[in-house]
Amino acid sequence: MDKYNWDLTKLIKDKEDFKKKYAEADKLLDEAHHLLLNFKDNFKDAILKLIEAQRKVMNIYVFAHMDADADTRDTEGQRLHLKALNLGSKLDEVGAPLKPALLSLSREELDKLIKDNDMEDYRLFIEKIYRFKDHVLTEKEESILSAYGFLENAPFDAYNLLTNADITF
């Protein structure tokens, strides 16, 4: 039956590697949070740190999600999946101030920051955020919404566990 399972070792080797990569991503999120507190002075570093953290969190999440789906009866897989979801929520919380900070800038200020910080390679990433300038809440409101992101999938997750468990009869 193992020949039908995903080879997740390309993402994360084992549970110890999961712990290590989880701690690394968590640390990156803390660093990004501190950089975002003084956004204009840390423009480049904050964005690059947040992107790096996002990549690591996504790898952790994909691993945990696929591991949990491989055998939905495995409570350890479910636990890792929940940890990954919590890390994803933390990513949303840490990244929440980025939108209001970018959107508080005028077009000229934004272009100057991109040019002065040699961020042309990241212009598309920044522009995708900036184009919603007229539709984004305040920093405080965005932070509140992102803090409750983990609740978004709770009903589906409960349904999925109850209906798709690999039950042997």
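A pocket is found on a 1 Å grid over the protein atoms alone: a pocket is an open set of points with protein on both sides within 12 Å along at least five of seven lines, whereas a cavity is a set of points where a 1.4 Å probe fits but cannot get out. Lining residues have an atom within 4 Å of a point. Grid points are joined across faces, edges and corners, and a volume is the space filled by probe spheres set on the points.

The model is predicted: local features need pLDDT of at least 70, side-chain atom pairs count only at pLDDT 80 or more, and totals for chains, interfaces and linings use all residues. Residues are numbered from 1 along each chain as its sequence is written, and side-chain values use heavy atoms, with hydrogens and water left out.

**Exercise 1. Describe the largest pocket and its lining.**

Step 1. The volume of the largest pocket is about 360 Å³.

Step 2. Its lining consists of 13 residues, and those nearest the centre are Leu-91, Asp-92, Gly-95, Ala-96 and Lys-99.

Step 3. At least two lining residues come from each of H2, H3, helix H4 (98-103), helix H6 (123-130) and helix H7 (139-147). Helices (H or I, at least four residues) and strands (E, at least two) are DSSP runs, numbered from the N terminus.

Step 4. By class, the lining of the largest pocket holds seven nonpolar, three polar and three charged residues. Here Ala, Val, Leu, Ile, Met, Phe, Trp, Tyr, Cys and Pro count as nonpolar, Asp, Glu, Lys and Arg as charged, and the others, Gly among them, as polar.

**Exercise 2. Determine which element gives the most to the lining of the second largest pocket.**

Step 1. The second largest pocket has a volume of about 300 Å³. It is lined by 16 residues, with Leu-85, Gly-88, Asp-92, Gly-149 and Asn-153 closest to its centre.

Step 2. Two or more of these lining residues are given by each of H2, H3 and H7.

Step 3. H3 gives the most, with six residues.

**Exercise 3. State how H2 and H3 are arranged relative to each other.**

Step 1. Two packed helices are described by the angle between their axes and the distance between the axes. Axes are lines fitted to C-alpha atoms, for helices over the stretch in contact, and angles run from 0 to 180 degrees between N-to-C directions.

Step 2. For helix H2 (residues 43-70) and helix H3 (residues 75-95), the axes come within 8 Å and cross at roughly 155 degrees.

Step 3. H2 and H3 are therefore roughly antiparallel to each other. Angles under 35 degrees count as roughly parallel, over 145 as roughly antiparallel, 65 to 115 as roughly perpendicular and the rest as oblique.

Step 4. The crossing of H2 past H3 is left-handed. A crossing is left-handed if the near helix is turned anticlockwise from the far one by less than a right angle, and right-handed if clockwise.

Step 5. The residues in contact (heavy atoms within 4.5 Å) include Leu-50, Val-57 and Phe-63 in H2, and Leu-80, Leu-87 and Leu-91 in H3. This contact of H2 with H3 has 14 nonpolar, seven polar and one charged residue.
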